[in-house]
Amino acid sequence: MTLAHESHGTGDPPLLLVHGFPFTSGMWRPQIDALSKSRRVIAPDLPGFGRTPGAAKSMDAYAAGLRELLDELSVQRVILTGFSMGGYVAFAFLRLYAERVAGLILADTKAAADTDEQKQGRYAMAERAQSEGKQIVIAAMLPRLVTPATLADRPGVVQAVRDVEAGATLEGIVGALTAMAERPSSLGDLPRIAVPTLIIVGADDPITPPADAEQMASAIPNADLVTIPNAAHITTLEQPEAVTAAIKDWLANHTF
Ligand code: MLT
């Protein structure tokens with residue numbers, strides 16, 4: 001199945017921006033607009049999110065969809081950029097298609113698998129979403145996506161987050177919850193990551209906290225870590241300029 005996507009700008013290797021859960025490529029809007037001025041940016045919607053129909057139930061299936069998209073676009077290598085669940089997809093992509101990855105950006109994500117308790121929470125959430133509707137997932141997550149200050153004082157940011165979440169379908173949400181629950185640990189892969197890697201994390205991210213980012217940064221051989229102040233999980237929308245600047249600076253200091 002072809003993934004719906006946006007592609008803007010020129011310059012190789014392109015950035016492939018992979019969204020998190022329960023979002024769409026729209027969570028990268030500020031970065032797509034800013035970074036495509038100097039490099040090609042490709043931002044797909046994973047199955048069941050945004051304009052891509054269907055669903056997938058494993059990280060390998062999401063990764064295979066991305067590889068098909070790159071083949072269709074005749075793009076050989078990318079700077080693979082994964083936010084949160086998109087980072088879990090990036091680890092699967094690296095296991096399967098490492099030769100297609102020229103550089104890696106891991107934003108607000110982690111390498112560890114779910115604990116048994118977290119897995120059970122995912123399946124309970126999937127059941128509730130099926131019986132009560134997808135809104136319950138969105139409502140449960142919102143307070144952890146942005147800081148309390150943003151929730152109280154920046155209604156435009158909160159609305160942007162809600163708008164992006166609205167693009168998730170129930171089928172996509174249930175598939176992603178299964179894929180996240182069943183994903184393997186990627187901790188053992190970290191020392192073998194051979195490409196320049198940028199790790200970004202919100203200073204107040206309660207979902208994938210700075211300790212997870214530090215763990216990845218110390219295990220990946222060529223990694224830089226940038227912590228974004230005044231941000232919880234969805235750094236790309238809560239502190240868009242800081243995230244864009246971190247990516248721009250890192251791109252300027254590396255060759256791919
Ligand atoms: C995401 O933002 O993709 C999810 O919150 C990640 C997760 O729940 O592990």
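S84 sits in the loop between β4 (78–83) and α3 (85–97). In this predicted model, S84 has a phi near 50°, a positive value in a residue other than glycine. That stands out because most residues other than glycine have a negative phi.

S84 also turns up around the ligand, in a set made up of G20, F21, F23, F83, S84, M85, Y88, R122, M141, M180, I207 and H233. The side chain of R122 places an N or O atom 2.8 Å from an oxygen of the ligand, and for the side chain of H233 the corresponding distance to a ligand oxygen is 2.7 Å. On its own the ligand would expose 270 Å², and the protein buries 94% of that.

F21, one of the residues around the ligand, is joined to P22 by a cis peptide bond with omega at about -5°. P22 belongs to the loop between β2 and α1 (29–35). Another cis peptide bond links D12 and P13, with omega about -15°; here P13 falls in the loop between β1 (5–8) and β2 (15–18).

R122 and M180, both around the ligand, take part in a helix pairing as well. Helices α4 (residues 116–132) and α8 (residues 170–181) pack at about 170° with axes 9 Å apart, which means α4 runs roughly antiparallel to α8. From α4 come K119, R122, Y123, M125, A126, A129 and Q130, meeting L170, V174, L177, T178, M180 and A181 of α8. By type, the contact residues split into nine nonpolar, two polar and two charged.

Key:
Residues numbered from 1 in each chain as written. Predicted model: local features only at pLDDT ≥ 70, side-chain atom pairs only at ≥ 80, totals over all residues. Heavy atoms only, no water. Axes fitted to C-alpha atoms, helices over the stretch in contact; angles between N-to-C directions. Helix = DSSP H or I, 4+ residues; strand = E, 2+ residues; numbered from the N terminus. Parallel < 35°, antiparallel > 145°, perpendicular 65-115°, else oblique. Contact = heavy atoms within 4.5 Å. Nonpolar A, V, L, I, M, F, W, Y, C, P; charged D, E, K, R; others polar. Near = heavy atom within 4 Å. Polar contact = N/O pair within 3.5 Å; in protein donor to acceptor, adjacent residues only side chain to side chain. Areas by Shrake-Rupley, 256 points an atom, 1.4 Å probe, with all protein chains shown as cover.
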